[in-house]
Amino acid sequence: MPWTLYKSPTVRIGLRFLSNTRKSVSVVGSGPSGFYTVCRLLAKSEVPLNVTLWEKLPVPFGLSRYGVAPDHPEVKNCEDTFSRCAQEFGASSGARHTFKFMGNVSIGKDLKLRDLLDTQDAVILSYGCSGDHKLGIPGEDSTSGVFTSREFVSWYNGHPEFAGENDKLTSFPWSKVRNVGIIGNGNVALDIARVLLSNNIPQLWSSTDINPVALKALNQAPIETVKMIARRDFSHSKFTNKEFRELWELERYGIQGIIKSEFFKLEDLDMENADRVFKRRVEMISEYSLPFNQRTKKNYKKHHPPESGPTKTWEMDYLKTPLAINSNSQGDLESLTLCRNSLSPSSRVEQHSSETLTYNVDVLITSLGYGSSPLHEFGPLQIGFVKNRVANANGHVLDTNGGIVPGLYASGWIRKGSSGVIASTMSDAFEVADAVMADLESGSPPKARELKTQGLNYTTWEDWEIIDKEEKRRGMQHSKPRQKFLSVSEMLSFVKK
Ligand SMILES: Cc1cc2nc3c(=O)[nH]c(=O)nc-3n(C[C@H](O)[C@H](O)[C@H](O)COP(=O)(O)OP(=O)(O)OC[C@H]3O[C@@H](n4cnc5c(N)ncnc54)[C@H](O)[C@@H]3O)c2cc1C
Ligand SMILES: NC(=O)c1ccc[n+]([C@@H]2O[C@H](COP(=O)([O-])OP(=O)(O)OC[C@H]3O[C@@H](n4cnc5c(N)ncnc54)[C@H](OP(=O)(O)O)[C@@H]3O)[C@@H](O)[C@H]2O)c1
């Protein structure tokens, strides 16, 4: 969405605020929620503001940069919006508000949240979910070859905490990997399946910014099957149709999709009451499961699969719960034990623990959503943290007794948990920014205490622009949009910090 769309024609210069005294706002985390919060504040606040965006990495954009799949560059267009907003309000631009990016500063570690609360008129927590959910079954943490979706995605996206030559994913013996199991069937599971199955097709990946170290490692894997294993049934699949279609469309490269008839019986589905999205999903499976020449709709006959037949398959597997991860004497993954499930009339998962089965897998990826954690200071500050998110009421952060913490807000995944696309994260950020502005307009005078930033080795927006330019230059040499720096030290030494 172009930046101009955020600039409401109703932005007015409130004369009562035309003083030199601005209110200060700090936003913690520069992913989509943090940046959309910033953009909304800068576009709409009647109160003149000094806005600071804190980010633990030297570079901005969170999961837009390090989560969104490299072959979905159009999704990253939000970064252009954020950049225009940063440039327009940069400290030296003379604009009504000021904007500062402070990268390489982890709030709670390098700078205390307490200090932000003491000095800022508003603090918005937008630090997302940078942890893992766990199955909690034997072998999950101790077996070589078991990775979480966050580890795997961060690795192929070149996140500096995961992308180095010594990372466990880079040094993993990919040349032995034929069969992969993925637990979960959300869109992240589908992204991972697509990367695993198609990474050796140069036309799909060579012009993306995928981490070349990861691509080289994955290229060695003679992958034959990827099975996405869900605890519920087909009608409760978590993925969306666009991403599902992308997998089916890999058939032109000899990558075939399978859904066993026991999990997909047209006669069992309530099509009369189904919505459009579900009907399209059913149509997709019905058509793609037919031999190419027997398909009835043009939409499913775009590219003929190779005459030689499929070389790889992906499978949607349903109604199973993992019970144990089994390894050999060296601790290497060998297989996964599961039990069959059924769904109760109220769609509750009922495990049949006596009906077990075993899948031989060389790699297992748990794709259960991203987990989050409280900052260390939440305890002493008595800030509530409930069910994987900051306790809040409409974005106002709550203390452990349920009272509102004055001047503290939360937006994005840390507010709502790890669900939602960039568009819904934007709406959430706007809602929170509007609540912040309402409080700033009616609230007390600006806080007088100054925030001390001495001793912080921070990156500025200008530093990011230098890194960005260099990444694009390096990428251009290989016809790619960019080649990311893979370590924090390399980023910092490039901008001489
Ligand atoms: C693998 C994956 C693929 C996705 N693909 C798509 C897609 O194709 N399309 C789509 O619309 N949506 C996609 N999404 C969803 C989208 O990425 C999220 O909706 C969005 O990124 C959430 O934004 P956020 O700002 O809340 O969190 P994040 O993007 O995670 O941003 C949080 C930021 O806070 C920083 N941070 C963390 N701790 C601290 C701290 N202590 N101090 C300072 N900074 C901190 C982090 O480094 C990060 O930059 C995807 C999500 C994932 C996981
Ligand atoms: N292209 C895109 O637009 C795109 C790409 C990637 C991500 N995203 C978005 O990012 C968000 C996060 O995606 P995600 O795939 O990480 O999460 P998700 O959509 O929440 O999917 C998580 C999956 O893990 C399963 N699961 C969770 N806990 C489990 C357990 N203990 N045992 C077995 N299975 C378990 C869930 O099953 P149940 O359904 O049974 O709970 C579900 O299948 C989503 O909103 C997604 O749409 C969007």
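Strands here are DSSP runs of E, at least two residues long, and helices are runs of H or I, at least four, both numbered from the N terminus. Two strands pair if DSSP finds at least two bridges between them.

**Entry 1: ground rules.** I'm working from a predicted model, where local features need pLDDT of at least 70, side-chain atom pairs count only at pLDDT 80 or more, and totals for chains, interfaces and linings use all residues. Residues are numbered from 1 along each chain as its sequence is written, chains are lettered from A and ligands numbered from 1 in the order in which they are written, and side-chain values use heavy atoms, with hydrogens and water left out.

**Entry 2: the sheet.** I traced an open sheet of three strands, ordered E11-E12-E13 with antiparallel pairing. E11 (320-327) and E13 (349-360) each have a single partner strand, so one side of each lacks a neighbour in the sheet. The twist averages 20 degrees from one strand to the next, using axes fitted to C-alpha atoms (for helices, over the stretch in contact) and angles from 0 to 180 degrees between N-to-C directions.

**Entry 3: E11 with E12.** I found seven bridges between E11 and E12 (residues 333-343). Thr321 sits opposite Cys339, and Ala324 faces Thr337. Five residues separate the two strands of this hairpin, and Gly331 in the turn has a positive phi of about 85 degrees.

**Entry 4: E12 with E13.** Here I noted nine bridges. Arg340 is opposite His352 in E13. This hairpin also has five residues between its strands, with Ser347 at a positive phi near 70 degrees.

**Entry 5: two helices.** Next I looked up H9 (residues 241-248) and H10 (residues 276-288), whose axes come within 10 Å and cross at roughly 5 degrees. They therefore count as roughly parallel, a label for angles under 35 degrees. Phe244 and Trp248 of H9 are among the residues in contact, as are Met284 and Ile285 of H10; contact means heavy atoms within 4.5 Å.

**Entry 6: two domains.** I have domain 1 as 3-130 + 372-458 and domain 2 as 133-366, with bounds from an automatic or database domain assignment. Their centres, taken over C-alpha atoms, are 35 Å apart. In the contact, 13 residues of domain 1 meet 19 of domain 2. About 1,300 Å² is buried between them, 52% of it from carbon and sulfur atoms; buried area is the accessible area (1.4 Å probe) that two parts lose on being put together, summed over both. Tyr66, Pro70 and Asp71 supply 46% of the area that domain 1 buries against domain 2, more than any other three residues.

Key. Angles under 35 degrees count as roughly parallel, over 145 as roughly antiparallel, 65 to 115 as roughly perpendicular and the rest as oblique.
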